[in-house]
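Subject: Structure for you to look over

Hello,

Here is the structure I promised to hand over. Please open it first, then read my notes below.

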Amino acid sequence: GWRGFAADARRELEEQEVELAERAAFKAGGLKRFLNRLLGITCSSQAGLFHALSAHITRLEEADREAGTMDNGVVSLNSQGRWGRLRAVHELGSEALCERP
């Protein structure tokens with residue numbers, strides 16, 4: 001079950017010297033280090049962790065949809081896109097992201 005998987009995955013991550021405290025995620029290079037260390041655990045643990053992450057993201061998306069705050073992110077405007085064929089583009093505004101000397 002879940003508890004057994006979690007215990008096994010935790011042990012494997014600790015063997016790879018993955019720091020599991022939240023603060024480790026904010027250290028410079030923390031994500032890169034974490035992803036590299038994931039390669040040292042078993043495939044079944046990797047799959048289980050990504051399955052758990054996917055399920056968590058799905059729950060967050062469902063909550064956003066229910067709250068009416070779901071953001072679709074980048075949307076393809078080509079003819080095969082989910083939103084159909086592009087008919088026109090209207091610029092709503094623009095701003096400089098940085099000043100050039």
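Where is Glu17 found? Glu17 sits in the loop between α1 and α2 (30–38). Helices here are DSSP runs (H or I, at least four residues), strands likewise (E, at least two), and both are numbered from the N terminus.

Two notes on the basis. This is a predicted model: local features need pLDDT of at least 70, side-chain atom pairs count only at pLDDT 80 or more, and totals for chains, interfaces and linings use all residues. Residues are numbered from 1 along each chain as its sequence is written, and side-chain values use heavy atoms, with hydrogens and water left out.

The overall picture

The protein chain has three helices and zero strands. Along the sequence the pattern reads α-α-α. Of its 101 residues, 13% count as buried. Buried means under 20% relative accessible area, exposed means over 50%, and partly exposed is in between (1.4 Å probe, protein chains only). The accessible surface comes to about 9100 Å². Carbon and sulfur atoms hold 54% of that surface. Areas come from the Shrake-Rupley method with a 1.4 Å probe; for residues, only the protein chains shown count as cover. Among contacts with a separation of 6 or more, 39% join residues 24 or more positions apart. A contact means heavy atoms within 4.5 Å.

Helix α1 against helix α3

Helix α1 covers residues 2–15 and helix α3 covers residues 43–67. Their axes come within 10 Å and cross at roughly 115°. Axes are lines fitted to C-alpha atoms, for helices over the stretch in contact; angles run from 0 to 180 degrees between N-to-C directions. The crossing is left-handed: the near helix is turned anticlockwise from the far one by less than a right angle (clockwise would be right-handed). On the α1 side the contact uses Trp2, Phe5, Ala9, Glu12 and Leu13. On the α3 side it uses Ser44, Ser45, Gly48, Leu49 and Ala52. These residues divide into six nonpolar, three polar and one charged. Ala, Val, Leu, Ile, Met, Phe, Trp, Tyr, Cys and Pro count as nonpolar; Asp, Glu, Lys and Arg count as charged; the others, Gly among them, are polar.

Ser45 lies in helix α3. It is buried, with a relative accessible area of 4%. Leaving out residues up to four places away in sequence, Ser45 touches Phe5, Ala9 and Glu12.

Most residues other than glycine have a negative phi. Glu17 counts as exposed, at 63% relative accessibility.

Gln16 is in the loop between α1 and α2 as well. Gln16 is partly exposed, at 26%. Its C-alpha atom is 6.0 Å from that of Arg37, 21 residues apart along the chain. Beyond neighbours within four places in sequence, Gln16 is in contact with Arg37, Gly40 and Ile41. A polar atom of the Gln16 side chain lies 3.2 Å from the backbone oxygen of Gly40.

Gln46

Gln46 is placed in helix α3. It counts as buried, at 19% relative accessibility. A polar atom of its side chain lies 3.1 Å from the backbone oxygen of Ile41. Not counting residues up to four places away, Gln46 touches Leu38, Leu39 and Ile41.

Best wishes

Key: A polar contact is a pair of N or O atoms within 3.5 Å; within protein, one must be able to donate a hydrogen and the other to accept it, and residues adjacent in sequence count only if both atoms are side-chain atoms.
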